[in-house]
Amino acid sequence: MFNFRIIFFLLISSSLFSCSRAPISDSYPLAVGDSSRVMQFAPHFGRALYQTSVDVVGNHLSGLLLIKRMPDSSIRILFTNEMGVSYFDFEFSKSGLFRVHSILKKMNRKAVKKTLRNDFQLLLMNNLAGQAPTLRYHNGHLYHIFKAGKGFNNYITDSLQTQLLEMERTSVKKVVVNAQMLNFRNGIPDSIGISHTGFEFNINLKRIYDEETAE
Amino acid sequence: MANAQYNGYSAMVNDAAFKSNFSIATQKVSTIKSDFTQEKELSLLADKISSKGKFWFKKNNQVRMEYTSPYQYLMVINKDRVFVKDRQKESKINTRSNKMFQQINRVMIDCMQGTVFSNPDFSTRLFENKSAVLIEMTPLTKGLKEMFSHIILVVEKKDFSVVSIRMNEASGDYTTIRFINKEQNVQLPDNLFSVN
């Protein structure tokens, strides 16, 4: 059974006790480059449907995640189980404001909503416009470091900025989330992976094509 | 929708006669084999998620739903145990310890077994037209109310078989499962419903 109480506890406590790699250090060399080029990797969701699985400390949950850009350019993210029962419906406005339209009562906890909001915001890259990231080199990779709340969202590319290798969310002291978007087709990733480092909390999305998919 | 009336249907005058006939008819059905289509209508998003698959029912309390397109997903209900297989994992769930699954399980079984009227978790109202009866089920328990505002079951008059199940959510979204190519009382092997 999906034990939400354990999940709430872990979401709250992971930021205090988890052991994960330190974020890119201020001591790493600053890089010079066109920081705006990272926006070429922002996904262009018109409408995409994903078969989704969530693993949290031994609990497994599956369903369908719909990501849809609305006429006002806001993005809606709806998660439902395979039989149609909705888990949540979130909205990210064009300016990045977050709104919960509905959420299953058992999931309706501040820590859960905040974690999911941060995870999706890392992927959507929709609140980065107007921000100038800090660029740093490390291990041959270019880190585009954006301030995000109390932490940072980092977009890691090869040194020539031709490929987005990985995304990560960090606190001041450590990396808390790693994420990848793979195999883009018309600006939409085919696979998405989100992995929390403090405890087992993994989200995997695999795109599926239904009757509503415009290709 | 919590319509006092449904388009094309009028309130049934003789509920008792229908309930009795429905009960008698469904008692004679030991198995059902069917294809199904499922559509989740998202009113605010002006969108729809469609899928289809195969459905099997066997008395007592055994259901197998196999989604085949556009995704693969298998759910087998065998009394109070549920087996689920998605893209990544197989899971066994004891519905006694998972109330949400227990409630959905009961709804599905009641719809097929014709025991909707004895489920204390719902109140019912009946409507009819020339060929079908519409059973409006309103949840009475907190857990079900959170998931559904109503469940609408449409039953064919000619053989009392289920045409569709529509699950309405409070948000205005709804999911409709339609059963097509139905066959009753065909031989179904027990291993279709194995959860081991």
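Of the 215 residues of chain A, 56% count as buried. The model is predicted. The report takes chain A first, then its interface with chain B, then one tyrosine.

**Chain A**

Chain A holds 2 helices and 12 strands. Along the sequence, the elements run α-β-β-β-β-β-α-β-β-β-β-β-β-β. The accessible surface of chain A is about 9900 Å². Carbon and sulfur atoms supply 54% of that surface.

**The interface with chain B**

The size of an interface is often given as the accessible area lost when the parts come together. Here chain B and chain A bury about 3000 Å² between them. Carbon and sulfur atoms carry 59% of this buried area. On the chain B side, B:Leu45, B:Tyr71 and B:Arg87 lose the most area to chain A. Together these three make up 21% of what that side buries.

| Item | Value |
|---|---|
| Residues of chain B in contact with chain A | 35 residues |
| Residues of chain A in contact with chain B | 34 residues |
| Buried area, chain B and chain A | about 3000 Å² |
| Salt bridges across the interface | 3 salt bridges |
| Polar contacts across the interface | 16 residue pairs |

Which elements of chain B give two or more residues to the side that touches chain A? They are strands S2 (31–42), S3 (47–58), S4 (62–69) and S5 (73–78), with helices H2 (99–113) and H3 (142–147). S3(B) gives the most, with 4 residues. By residue class, this side of chain B divides into 17 nonpolar, 8 polar and 10 charged.

One salt bridge pairs A:Arg47 with B:Asp47. Their closest N and O atoms are 2.8 Å apart.

**A:Tyr28**

A:Tyr28 sits in a loop of chain A, between helix H1 (4–17) and strand S1 (47–56).

Leaving out residues up to four places away in sequence, A:Tyr28 touches A:Arg136, A:Tyr137 and A:His138. A:Arg47, the salt-bridge residue, is 19 residues from A:Tyr28 along the chain. The C-alpha atoms of A:Tyr28 and A:Arg47 are separated by 39 Å.

Notes
Residues numbered from 1 in each chain as written. Chains lettered and ligands numbered in written order. Predicted model: local features only at pLDDT ≥ 70, side-chain atom pairs only at ≥ 80, totals over all residues. Heavy atoms only, no water. Buried < 20%, exposed > 50% of the residue type's maximum accessible area, 1.4 Å probe, protein only. Areas by Shrake-Rupley, 256 points an atom, 1.4 Å probe, with all protein chains shown as cover. Contact = heavy atoms within 4.5 Å. Buried area = accessible area lost by both parts, 1.4 Å probe. Salt bridge = Lys/Arg side-chain N within 4 Å of Asp/Glu carboxyl O. Polar contact = N/O pair within 3.5 Å; in protein donor to acceptor, adjacent residues only side chain to side chain. Nonpolar A, V, L, I, M, F, W, Y, C, P; charged D, E, K, R; others polar.
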